[in-house]
Amino acid sequence: MRIDIISIFPEFFGVLDISLLGRARQAGLIDLAVHNLRDFTHDRHSTVDDTPYGGGAGMVMKPEPWGEALDSILPAAPEPGVMPTGAGTGPVLIFPSPAGEQFTQAMARELAAEPHLVFGCGRYEGIDQRVVDHFAGRGRVRLVSLGDYVLNGGEVAVMAMIEAIGRLIPGVVGNPESLVEESHEDGLLEYPSYTKPASWRGLDVPPVLLSGNHGAIATWRREKQLERTRAVRPDLLPADMADAELLPPANSKARRGSRG
Ligand code: ADE
C-alpha cells in the first residue's frame with residue numbers, strides 16, 4: 001500500500017519508522033512518504049494560513065499550498081471540458097476532522113484494502129473548504145473523525161488511523177489469528193487476557209483458563225465479551241443481543257476444534 005501524508009509537522013511521523021509499521025515499511029509492505037505543506041508555499045514566511053472570511057476567531061489554512069501539494073501526489077487533473085473521472089476512482093483522500101464521519105474498525109478494514117491513501121492534516125480552524133470541494137472531483141474524499149473531541153490538528157488522528165489500518169494489511173501482523181479475536185472485530189469488546197504466573201499478588205487466573213477445556217474457555221470468553229460490552233458499550237450491541245446466547249462465535253477455534 002502507498003501512503004502519502006501532508007502536514008506542517010512532518011516530524012510527528014518519525015514514530016512510523018519503529019515497531020510493527022517500521023518493519024512493514026522495511027519489508028516493502030507499506031510505501032510511506034511525508035510531505036511538508038510549507039514546501040508548497042512561495043513567500044518568505046512559508047505562510048499556510050490566513051484570517052477567515054466572515055470573521056471569527058482563529059486562522060484557516062490557505063487553499064493554494066494544499067492545491068499544489070495534492071497536485072504533486074494525485075493523478076493529473078482532467079483537461080478543461082473533459083469529464084472528471086476521479087470521483088469514484090483514484091486514491092482515497094482523507095482529511096481528519098472533528099466534523100467528519102466516525103473512524104471505526106470497519107472503516108479501517110475497508111481502507112486496508114486500498115492501494116493508495118492520501119492524508120491531509122489540517123491545523124488551526126481547518127482547511128479552506130474549496131480544497132475539499134475541488135479534490136472531490138479527483139479522488140475519493142472522506143472527512144474522518146477519530147471521536148467526539150477536538151485535537152489541535154490532524155496529525156495524531158492520522159497516526160491512529162494509519163496504525164489501525166496498517167496492522168490489517170496482510171503480512172504486517174505476523175500471526176493473522178491474533179487479529180480475529182480483538183475488540184470490535186466481531187462487534188464486541190475483547191475478553192480479558194492473562195499470562196503466567198497463575199497467581200500474582202493474591203490474584204488468581206480464572207480456573208477455566210487452566211482447564212484445557214477449549215469449549216468451556218470459548219464460552220467463558222464469550223460471556224466476558226458480552227459482560228464487558230453490556231457494561232461499558234451497550235450501544236455496540238444489536239437489540240436482539242441484549243440476551244444473546246453465550247455460544248462462542250461460529251468461526252472460533254473452539255468450535256472448529258469441536259467439529260474435529
Ligand atoms: N482534528 C481535530 N480534532 C479531530 C478529531 N476529533 N478527529 C480527527 N481529526 C481531528
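Pro 197 is found in the loop between α6 (177-180) and β8 (199-200). In this predicted model, the peptide bond that leads from Lys 196 to Pro 197 is cis, with omega near 5°. Most residues other than glycine have a negative phi, and most peptide bonds are trans. Two further residues depart from that pattern through their phi angles. Arg 201 lies in the loop between β8 and β9 (203-204), and its phi is near 50°, a positive value in a residue other than glycine. At 71% relative accessibility, Arg 201 counts as exposed, because the threshold for that class is over 50%. Ser 46 also has a phi near 50°, positive although the residue is not glycine. Ser 46 belongs to the loop between β2 (31-36) and β3 (49-50) and is partly exposed, with a relative accessible area of 22%.

From these local features the description turns to the chain as a whole. The protein chain contains 8 helices and 9 strands. Of its 260 residues, 38% count as buried. Among contacts between residues at least 6 apart in sequence, 74% join residues at least 24 apart. The chain exposes about 14900 Å², of which carbon and sulfur atoms supply 55%.

Setting aside residues up to four places away in sequence, Phe 103 touches Ala 108, Leu 111, Val 144, Ser 145, Leu 146, Met 161, Ala 164 and Ile 165.

The structure holds 3 aromatic pairs. One of them joins Trp 66 and Phe 95 in an edge-to-face arrangement, with 6.2 Å from centre to centre and 70° between the planes. Trp 66 lies in helix α2 (residues 63-73) and Phe 95 in strand β5, so the pair ties together parts that are 29 residues apart in sequence. Both partners fall below the 20% limit for burial: Trp 66 counts as buried at 0% relative accessibility, and Phe 95 is buried with a relative accessible area of 4%. Elsewhere, ring pairs link Phe 9, Phe 12 and Phe 13 into a cluster.

The ligand comes next. The residues that surround the ligand are Pro 96, Ser 97, Pro 98, Val 144, Ser 145, Leu 146, Gly 147, Tyr 149, Val 150, Leu 151, Gly 153 and Ala 157. A polar backbone atom of Ser 97 is 3.2 Å from a ligand nitrogen, a backbone N or O atom of Leu 146 lies 2.9 Å from a ligand nitrogen, and a polar backbone atom of Leu 151 is 2.9 Å from a ligand nitrogen. Taken alone the ligand exposes 260 Å², and the protein buries 96% of that.

Apart from neighbours within four places in sequence, Leu 146 is in contact with Gln 102, Phe 103, Leu 151, Ala 157, Ala 160 and Met 161. The C-alpha atoms of Leu 146 and Met 161 are separated by 8.1 Å, although the two residues are 15 residues apart along the chain.

Asp 128 is found between β6 and α4 (129-135). Asp 128 is buried, with a relative accessible area of 14%. Its side chain makes a polar contact with the side chain of Arg 130 at 2.6 Å. Leaving aside neighbours within four places in sequence, Asp 128 is also in contact with Val 60, Met 61 and Pro 63.

Note on methods
Residues are numbered from 1 along each chain as its sequence is written. This is a predicted model: local features need pLDDT of at least 70, side-chain atom pairs count only at pLDDT 80 or more; totals for chains, interfaces and linings use all residues. Side-chain values use heavy atoms; hydrogens and water are left out. Contact means heavy atoms within 4.5 Å. Rings of Phe, Tyr and Trp (its six-membered ring) pair if their centres lie within 6.5 Å; planes under 30 degrees apart count as stacked, over 60 as edge-to-face and the rest as tilted. Helices (H or I, at least four residues) and strands (E, at least two) are DSSP runs, numbered from the N terminus. Buried means under 20% relative accessible area, exposed over 50%, partly exposed in between (1.4 Å probe, protein chains only). Accessible areas come from the Shrake-Rupley method with a 1.4 Å probe; for residues, only the protein chains shown count as cover. A residue is near a molecule or strand if one of its heavy atoms lies within 4 Å of it. A polar contact is a pair of N or O atoms within 3.5 Å; within protein, one must be able to donate a hydrogen and the other to accept it, and residues adjacent in sequence count only if both atoms are side-chain atoms.
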